[in-house]
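Hi,

Here is the structure I promised to hand over. Have a look at it first, and then read on for what turned up.

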Amino acid sequence: MSLAYLNGEFLPLAAARVPAMDRGFLFGDGVYEVIPVYSRRPFRLDEHLARLQKSLAGIRLDNPHTADEWKSLIGRVVAAAEWDDQSVYLQVTRGPMAARNHAFPKTVTPTVFAMTEPLVTPSPELRATGVAAVAAADFRWLRCDLKATSLLANCLLRQLAVDAGCAETVLLRDGFLTEGAASNIFVVKAGRLLAPPKNHLMLPGITYDVVLELAAAHGLPCEVRDVLAAEVTDADELWMTSSTKEVLAIVALDGRPVGSGKPGPVFARMYGWYQDFKQNVMRRG
Ligand code: PDD
């Protein structure tokens, strides 16, 4: 049983309770973060907290904590857990309301929640084989840049992958790649890395940034631009990235092999760079 944080209190996760009139429960009116923790050190914490701030501003909710307060409460939850590698979850909702009403309450008392779970990154076997994905039309709203808790569309889209025995759903909107149901997607073609630009149609992934930084640092040619659906189906390599999956090769799309049907050589390089980077950052503290 791990320790959770709820509205100023530290308590066992199973004891954490939120009122049924919470706007997070009734409307999905809230935002969240998922932060990987390696050897009890949060990875890219400042960046995750900056994105949380942007998501809060995007839904017009004041940040209930300073960055130092967030760091201290995260530190306490992480220290109390039994695992060294963790996935810390933060959520802020617009809190409870007296009567059901879409409009914001006059006085908002946000619900602030944090918990931690063991971090389960892809196994060496999965890394070696890669995963299969399906493609689907991205029918989400037009503020996918906000990490909002209203994830019904993402859940329905991810389930399409699960129904097909696959790991992820690659989302296409109006003939272009956006992202995955819960990841960012990269294409490799003729030795070049292609990534959709950050805009309102995708979440600005923290792992996405790390991958682009590593590509630049190691001289891997890279194009951040609109990526056509046809370039996805025609890719030499396809990757998904997220805080919990890190970088993972997609080797089949809608039942057809991507490139050779195995994790490609560019993936192997990026995976190595990513692991080295992680080790270095964590050693430096
Ligand atoms: N999801 N796009 C979507 C829609 C996501 O849900 C996520 C991550 C990402 C990748 O972002 P990052 O690299 O910052 O993890 C992109 C998290 C892990 C989740 O909802 O569990």
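To get your bearings, which strand does Phe 176 lie in? Phe 176 is part of strand β9, which covers residues 176-180. Keep in mind as you look around that this is a predicted model.

Now for the overall layout. The protein splits into domain 1 (4-118) and domain 2 (124-282), and their C-alpha centres are 26 Å apart. Domain 1 brings 24 residues to the contact and domain 2 brings 20 residues.

How much area is buried between domain 1 and domain 2? The figure is about 1900 Å², with carbon and sulfur atoms giving 63% of it. On the domain 1 side, Phe 43, Arg 44 and Arg 51 supply 34% of the area buried against domain 2, more than any other three residues.

Arg 44 turns up again in a salt bridge: its side chain meets that of Glu 213 at 2.7 Å, N to O. The count between domain 1 and domain 2 is one salt bridge, and eight residue pairs are in polar contact across the interface. The elements that give two or more residues to the domain 1 side are β3 (30-38), β4 (41-42), α2 (45-58) and β5 (86-93). Of these, β3 gives the most, with seven residues. By class, that side of domain 1 has 10 nonpolar, seven polar and seven charged residues.

Most residues other than glycine have a negative phi. Arg 60 is not a glycine, yet has a positive phi of about 60°. You'll find Arg 60 in the loop between α2 and α3 (67-80), and at 67% relative accessibility this residue counts as exposed. Asp 254 also has a positive phi, near 50°. Asp 254 belongs to the loop between β14 (246-253) and β15 (256-257), and is partly exposed, with a relative accessible area of 38%.

Over to you!

Terms used: Residues are numbered from 1 along each chain as its sequence is written. This is a predicted model: local features need pLDDT of at least 70, side-chain atom pairs count only at pLDDT 80 or more; totals for chains, interfaces and linings use all residues. Side-chain values use heavy atoms; hydrogens and water are left out. Domain bounds come from an automatic or database domain assignment. Contact means heavy atoms within 4.5 Å. Buried area is the accessible area (1.4 Å probe) that two parts lose on being put together, summed over both. A salt bridge is a side-chain nitrogen of Lys or Arg within 4 Å of a carboxyl oxygen of Asp or Glu. A polar contact is a pair of N or O atoms within 3.5 Å; within protein, one must be able to donate a hydrogen and the other to accept it, and residues adjacent in sequence count only if both atoms are side-chain atoms. Helices (H or I, at least four residues) and strands (E, at least two) are DSSP runs, numbered from the N terminus. Ala, Val, Leu, Ile, Met, Phe, Trp, Tyr, Cys and Pro count as nonpolar, Asp, Glu, Lys and Arg as charged, and the others, Gly among them, as polar. Buried means under 20% relative accessible area, exposed over 50%, partly exposed in between (1.4 Å probe, protein chains only).
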